[in-house]
Amino acid sequence: MRVGELAARTGVSVRALRYYEERDLLAAERSPRGQRHYPESAVDRVLLIQQLYAAGLSSRTIVELLPCVLDGRATPELLTRLTAERDRIERHLTDLARTRDRLDSVIGAADANLRTGRPCRPEPTG
């Protein structure tokens, strides 16, 4: 498939796909006229790259991770780095859950105040 189709199917800009190629995250074959052509598997690869970026991984880490994802190849050093990334994500999820719970508390108090006609005042944070 051509770069425009890959962009449309993944929701990623053509510019981002070119960046992925520059970073060795994605590879395309070139036609005699220089047009990029991607295999069908590129869709899943781009979606994986997007997920990893969204989780906060750098392009360098993603490049190192891809062989492990694609065919199970890994080094002890890579496994250590991946474990550290997973632990970082877990801490972030815990922080997000605490924030969500706090917002739920604020929303509940504000909703109760609106129903009773009392003004909504934030609780002191200490």
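**Close-up views of a predicted model**

**View 1. T10 sits in helix 1.** The model shown is predicted. T10 has 12% relative accessibility, so this residue counts as buried. A polar atom of the T10 side chain lies 2.7 Å from the backbone oxygen of L6. Beyond its neighbours within four places in sequence, T10 is in contact with V43, V46 and L47.

**View 2. The largest nonpolar core holds 23 residues.** L6, L17, Y20, L26, Y38, V46 and I62 touch the most other members. At least two core residues come from each of helix 1 (3–10), helix 2 (14–22), helix 3 (42–54), helix 4 (59–71) and helix 5 (76–116). Helix 3 gives the largest share, five residues. Setting aside neighbours within four places in sequence, V46 is in contact with L6, T10, V12, L17, Y20 and L26.

**View 3. E21 and R36 form a salt bridge.** Their closest N and O atoms are 2.6 Å apart. The pair links distant parts of the chain, with E21 in helix 2 and R36 in strand 2 (residues 36–37). The two residues are 15 residues apart. E21 is buried, at a relative accessible area of 16%. R36 is also buried, at 17% relative accessibility.

**View 4. The structure holds 10 salt bridges.** Among them is R86 with D87, where the closest N and O atoms are 3.1 Å apart. D87 has 31% relative accessibility and counts as partly exposed. R100 pairs with D101 in another salt bridge, at 3.0 Å between the closest N and O atoms. R100 is partly exposed at 48%, and D101 is partly exposed at 41%.

**View 5. Salt bridges link E5, R9 and E40 in a network.**

Key. Residues numbered from 1 in each chain as written. Predicted model: local features only at pLDDT ≥ 70, side-chain atom pairs only at ≥ 80, totals over all residues. Heavy atoms only, no water. Core = buried A, V, L, I, M, F, W, Y, C linked by side-chain atoms within 4.5 Å. Buried < 20%, exposed > 50% of the residue type's maximum accessible area, 1.4 Å probe, protein only. Helix = DSSP H or I, 4+ residues; strand = E, 2+ residues; numbered from the N terminus. Contact = heavy atoms within 4.5 Å. Polar contact = N/O pair within 3.5 Å; in protein donor to acceptor, adjacent residues only side chain to side chain. Salt bridge = Lys/Arg side-chain N within 4 Å of Asp/Glu carboxyl O.
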